[in-house]
Amino acid sequence: MNYRNSDSSNASFLQSITRRKFIQHASLATLTAATTKLTSCANAQEQASTGASPAASGGGGTLRILSWAGYDEPEIIGKFEQDNNVKVEFKTYVGGEQMLQFFNQSPPGTFDGIISDGEYVTKLMQLGAIDSLNPADFPDLQNFTAGYQKFPGFFLEDQMMAVGTRFGNYGIAYNTKYIQPEEVTSWNFLTNPKLKGKVAFFDWYLPNMGNASLALFPDNPNPYALTEQQLQQVKDWLIKVKPNVALITPNIQDITNAFINESVIAGPVGDWLIQNAIADGKTNFAAVVPQEGSIRWSEGATLCSASKNKELALKWVQYMTLPETQAKLANAKAYKGIAPNLKAPQFMSDAEKQLLGYVPDKANPNKTLVEVQLERTRARQLPVNQPEKVWQDLYNEFKTS
């Protein structure tokens, strides 16, 4: 079985993107809104005022960030606010499509920075929504794991557009009271009749269809590069799983609660959705990357082109690379993740390192569980051979089947 990391295929994918190809992948509505939005951003300083106070060199002002949940927690952002005498305001989203929607519907210059998934950094940079970053401004990059020192999803050719903040995987989470580890070695376990009405899905087509692609074509270097026939097989595989599905939701807490009350006992949600329950003493949960591999998510910090507080926004992006910051972010209350900065575990307790996998893998004692997961996961991407809408429509057919 081929467990190669897909970052190299990620690179070739990004290098092949032209504006024409990007437009082919983007929905017309999103592209039109984004183009209109970003055209106006060129003169954002004169055209709009968001009420943000420019940050002088001595500090002060307001910074506005569009992000996934967790980045707004006081334990994570509090030190930055204190050190820079600034208030950081957050608007949180779930999923890349919602992130773009919030961005496009906001006045130019509303946001100073965006936490974006790797594949949506690609969209933002193709539209000119974010500024390039100078690697020399980020000395902590040298402490990042090799795959995230120059993660293809965060680069436009050789130009850095985002810096990694955390990552994780969408393997199979399960309740050990009802499921034994030896049962969860393959994605096909999700079709087992014993799981009827007991499976939860995080509602996003990209990870779920990517995992289905791995289940069927594990040797394909890029799970998102499928023929029309293969794509239909992905939909058919998901529909085969559907009788076992009890819950499909974008609400992270709903999935966690469903695991806790045992209305579901398994799901392709990885460990990031059950680790809060484990941390709270619910020790009957575990997660595994199946033998075919799984999809990996990657979040990164970006600097908005229309920001009126660019100096302060750059300090925020730099702050997000620090090992102390990433240690706290990896253990966020909203959901957990893995820190790209290899020094982050130095700022974690033994319990936190155990929970996140910064411990030796029993099958590979010379590597941590985190390292093994990196080797066996593939970076989430956008569809390569079809428009996104084709994938979304097929995913909706699965949901309504």
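These legends describe close-up views of a predicted model.

**View 1. Helix H9 packs against helix H17.** H9 covers residues 205–216, and H17 covers residues 388–400. Their axes lie 10 Å apart and meet at an angle of about 80°. Angles of 65 to 115 degrees count as roughly perpendicular, so H9 is roughly perpendicular to H17. On the H9 side, Tyr-205, Asn-208 and Met-209 make the contact. They meet Glu-388, Trp-391, Gln-392, Leu-394 and Tyr-395 of H17. By class, this contact of H9 with H17 holds 5 nonpolar, 2 polar and 1 charged residues.

**View 2. Helix H9 also packs against helix H10.** H10 spans residues 228–241. The axes of H9 and H10 come within 9 Å and cross at roughly 100°. H9 is therefore roughly perpendicular to H10. H9 contributes Asn-208, Met-209, Ala-212, Ser-213, Ala-215 and Leu-216. H10 contributes Leu-231, Gln-233, Val-234, Trp-237 and Leu-238. The contact of H9 with H10 has 8 nonpolar residues, 3 polar and no charged.

**View 3. The largest nonpolar core holds 110 residues.** Leu-63, Phe-80, Phe-202, Met-209, Phe-259 and Trp-316 touch the most other members. H9 gives the most to this core, with 6 residues. In soluble globular proteins, nonpolar side chains tend to be buried together.

**View 4. Phe-202 and its contacts beyond four places in sequence.** Among them are Trp-68, Val-94 and Tyr-170. Further along the chain, Phe-202 touches residues including Thr-249, Pro-250, Ile-252 and Ile-255. Val-269, Trp-272 and Leu-273 are also in contact with Phe-202. Asn-208 and Tyr-395 touch Phe-202 too.

**View 5. Strand S12 pairs with strands S3, S6 and S15.** S3 (residues 113–117) pairs with S12 in the antiparallel sense over 5 bridges. Here Asp-117 stands opposite Glu-299. S6 (residues 163–169) is also antiparallel to S12, joined by 6 bridges. Asn-169 stands opposite Arg-296 in S12. S15 (residues 377–379) runs parallel to S12, with 3 bridges between them. Ser-294 stands opposite Thr-377 in S15.

**View 6. Ala-327 sits in helix H14.** H14 covers residues 323–330. Ala-327 counts as buried because its relative accessibility is 4%, and buried means under 20%. Beyond its neighbours within four places in sequence, Ala-327 is in contact with Ala-344, Phe-347 and Met-348. Ser-349 is 22 residues away along the chain, and its C-alpha atom is separated from that of Ala-327 by 9.7 Å.

Methods:
Residues numbered from 1 in each chain as written. Predicted model: local features only at pLDDT ≥ 70, side-chain atom pairs only at ≥ 80, totals over all residues. Heavy atoms only, no water. Axes fitted to C-alpha atoms, helices over the stretch in contact; angles between N-to-C directions. Helix = DSSP H or I, 4+ residues; strand = E, 2+ residues; numbered from the N terminus. Parallel < 35°, antiparallel > 145°, perpendicular 65-115°, else oblique. Contact = heavy atoms within 4.5 Å. Nonpolar A, V, L, I, M, F, W, Y, C, P; charged D, E, K, R; others polar. Buried < 20%, exposed > 50% of the residue type's maximum accessible area, 1.4 Å probe, protein only. Core = buried A, V, L, I, M, F, W, Y, C linked by side-chain atoms within 4.5 Å. Pairing = 2+ DSSP bridges.
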